[in-house]
Amino acid sequence: MNMPLIDAHIHLDLYEPSDQIRILSELSKEGVESLVAVSMHLASCQENAVLSKQYPKQVYPAFGFHPEQPLPSASELDQLVQWIRERAGEVLAIGEIGLPYYMRTELEAKGNHLDLAPYIQMLDQMLALAKELDKPVILHAVYEDADIVCDRLEAHGIKRAHFHWFKGSSQTVQRMADRGYFISFTPDLLYEEEIVGLARLYPAHQVMVETDGPWPFEGPFLGQLTHPAMIRAVAKVWADIQGLDKAEACDILYRNTKRFYGL
């Protein structure tokens with residue numbers, strides 16, 4: 001029998017309702033115990049809250065504001081923060097939050113500039129909320145942005161940080177590992193050498209697996225709907241990279257996720 005796994009990061013609310021139903025009905029037979037459903041904005045948070053009530057112990061919601069989009073107004077952000085605060089008992093984590101690396105670099109490639117300061121201010125507000133509620137944070141922070149986020153985590157005294165689908169310099173990787181931060185690997189571990197290299201280096205007790213669905217993947221997953229079942233293939237490749245038996249690797253990944261999120 002397959003060891004259970006947990007999809008540590010998925011945008012469940014972005015799937016079509018029919019796909020949501022199919023995915024959730026298939027989790028058990030695929031050996032996936034549960035999902036951490038991250039949010040994009042208030043409406044996304046609200047949908048994930050509904051899904052978590054419809055599928056208790058299968059869907060665990062994380063509430064936040066994804067950075068790769070225009071900023072909310074001050075009143076909209078305050079409304080979101082207050083909405084999350086009022087649901088402290090049902091939110092698993094604060095996320096997805098972070099900095100807009102891809103949006104910023106795309107604008108810079110076109111000769112435009114994105115002021116990062118307001119995004120850092122928003123991140124600070126969400127980190128302060130996580131500290132207040134004693135919740136872990138799920139972070140979108142890659143390359144040089146990860147160093148800024150590490151600075152902000154340290155400023156707020158936050159130790160439970162999950163950098164999803166991370167890419168960055170060896171110095172940043174070492175900094176994150178030393179501080180006990182977690183990372184998670186997606187199905188691109190099967191075909192991206194940069195990610196394989198990271199999987200060799202990062203401490204095994206600080207690693208999880210995710211899909212970031214419905215984001216589509218390439219390699220053996222080309223043309224497929226991203227399904228949490230794909231994390232089993234990720235776990236197998238990670239086991240090979242680490243020189244572990246597959247069952248042992250799955251057990252480590254499962255326990256890591258349970259421990260990080262307090263499940």
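This is a predicted model: local features need pLDDT of at least 70, side-chain atom pairs count only at pLDDT 80 or more; totals for chains, interfaces and linings use all residues.
What kind of peptide bond joins Gly95 and Glu96? The bond between them is cis, with omega at about 15 degrees. To see what makes that worth a stop, remember that most peptide bonds are trans.

**The sheet around you**

Now zoom out and colour the strands. Strand β4 is part of an open sheet of eight strands with parallel pairing, and the order is β1-β2-β3-β4-β5-β6-β7-β8. Which strands stand at the edges? Pick out β1 (5-10) and β8 (207-209): each has a single partner strand, so one side of each is left without a neighbour in the sheet. If you turn the view and follow the sheet across, you'll see it twist, by an average of 30 degrees from one strand to the next.

Head over to β8 and on into the loop between β8 and α9, where you'll find Pro214. Select Gly213 along with Pro214: here is another cis peptide bond, with omega of about 10 degrees.

Carry on to helix α9 (residues 231-242), and show helix α8 (residues 193-201) with it. How do their axes meet? They come within 9 Å and cross at roughly 60 degrees. The two helices are therefore oblique to each other, and the crossing is right-handed. Show side chains to see who makes the contact: Val196, Ala199 and Arg200 on the α8 side, with Trp238, Ile241 and Gln242 on the α9 side.

Most residues other than glycine have a negative phi. The next two stops go the other way.

- Select Asp134, in the loop between α5 (117-133) and β5 (137-140). Its phi is near 60 degrees, a positive value, and the residue is not a glycine. Is Asp134 buried or exposed? With 59% relative accessibility, Asp134 counts as exposed.
- Then jump to Tyr143, in the loop between β5 and α6 (144-156). Tyr143 isn't a glycine either, yet phi is positive here, at about 50 degrees. Tyr143 is partly exposed, with a relative accessible area of 27%.

**A buried threonine**

Next, select Thr172 in helix α7 (residues 170-178). Thr172 has a relative accessible area of 2%, so this residue is buried. What does Thr172 touch? Leaving aside residues up to four places away in sequence, Thr172 touches Ala146, Asp147 and Phe166.

**Last stop: the cysteines**

Finish with Cys45 and Cys250. Cys45 is buried, at a relative accessible area of 0%, and Cys250 also counts as buried, at 1% relative accessibility. A disulfide is a covalent bond between the sulfur atoms of two cysteines. How many disulfides are there in this model? The count comes to zero, going by a cut-off that asks for a pair of cysteine sulfur atoms within 2.5 Å.

Conventions:
Residues are numbered from 1 along each chain as its sequence is written. Side-chain values use heavy atoms; hydrogens and water are left out. Two strands pair if DSSP finds at least two bridges between them. Helices (H or I, at least four residues) and strands (E, at least two) are DSSP runs, numbered from the N terminus. Axes are lines fitted to C-alpha atoms, for helices over the stretch in contact, and angles run from 0 to 180 degrees between N-to-C directions. Buried means under 20% relative accessible area, exposed over 50%, partly exposed in between (1.4 Å probe, protein chains only). Angles under 35 degrees count as roughly parallel, over 145 as roughly antiparallel, 65 to 115 as roughly perpendicular and the rest as oblique. A crossing is left-handed if the near helix is turned anticlockwise from the far one by less than a right angle, and right-handed if clockwise. Contact means heavy atoms within 4.5 Å.
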